[in-house]
Amino acid sequence: MDTDRSGTVSFKEMILWLSIYNRGTEETKLRHMFEVFDTDNSGVLESSEIENVLDILKLSMTTRGVSESAAIQKAAGLVKTIDKNKDGEITIDEWVTIGKEAGLVQELLGPEFIRLMDDFNPSQAKRKATKRKPSKKD
């Protein structure tokens, strides 16, 4: 979110991020998340940046009630899966491709945040309501 790397998130940066989350495709969200974790702007996530990903994944999982040991194991497994060529770095292509398959947006943000954002976005809520199949009671 801190796109100018100032150490703080400005109102403009927060609005930009919320806009990307609400209107962006899964790929756009994953690309933006990658940029947030790629603190040195090298185009790959190296070990210290991967540690940050692990920390966020662990926090997201433990907040949802997963034990710390299980969260560490699951987060490490997910990161190993993302590093498809097993070179110890994660490229943007690996992040996006495997991230889509593994539900990385959901894992990083957690379902509560995603539900909150869906409720916040009236157009998504409207789309969900129109996709709802009538029940037998309808």
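Is I98, at 6% relative accessibility, buried or exposed? I98 counts as buried, where buried means under 20% relative accessible area, exposed over 50%, and partly exposed in between (1.4 Å probe, protein chains only). The close-ups below come from a predicted model, in which local features need pLDDT of at least 70, side-chain atom pairs count only at pLDDT 80 or more, and totals for chains, interfaces and linings use all residues. Residues are numbered from 1 along each chain as its sequence is written, and side-chain values use heavy atoms, with hydrogens and water left out.

**View 1. The whole chain, to get your bearings.** The protein chain has eight helices and two strands; helices (H or I, at least four residues) and strands (E, at least two) are DSSP runs, numbered from the N terminus. Reading along the sequence gives the pattern α-α-β-α-α-β-α-α-α-α. Of the 138 residues in the chain, 33% are buried. Take the contacts with a separation of 6 or more: 55% of them are between residues 24 or more positions apart, a contact being heavy atoms within 4.5 Å.

View 2. Helix 3 (residues 47-63) has 17 residues and reaches 24 Å from its first C-alpha to its last, close to the 24 Å expected; the expected span is 1.5 Å times one less than the number of residues. Its buried residues are E49, I50, V53, L54, L57, S60 and M61. Seen down the axis of helix 3, these fall within an arc of 150°, so they line one face of the helix; the arc is that of the directions from the helix axis to the C-beta atoms. As background, an α-helix has 3.6 residues a turn, so residues three or four places apart point the same way. As for neighbours, the buried residues of helix 3 pack against several elements, including helix 2 (26-37), strand 1 (44-45) and helix 6 (104-109). Just after helix 3, G65 takes a positive phi of about 100°.

**View 3. Where helix 4 meets helix 5.** The axes of helix 4 (residues 68-82) and helix 5 (residues 92-102) come within 9 Å and cross at roughly 130°. Here axes are lines fitted to C-alpha atoms, for helices over the stretch in contact, and angles run from 0 to 180 degrees between N-to-C directions. Helix 4 brings L78, T81 and I82 to the contact, and helix 5 brings E94, W95, I98 and A102.

**View 4. I98 up close.** I98 sits in helix 5. Leaving out residues up to four places away in sequence, I98 touches T81, I82 and K84. I98 and V79 are 19 residues apart along the chain, and their C-alpha atoms are separated by 9.6 Å.

**View 5. Two loop residues with positive phi.** Most residues other than glycine have a negative phi. N41, in the loop between helix 2 and strand 1, has a phi near 55°. N41 counts as exposed, at 56% relative accessibility. K86 is in the loop between helix 4 and strand 2, and has a positive phi of about 55° although it is not a glycine. K86 is exposed, with a relative accessible area of 56%.
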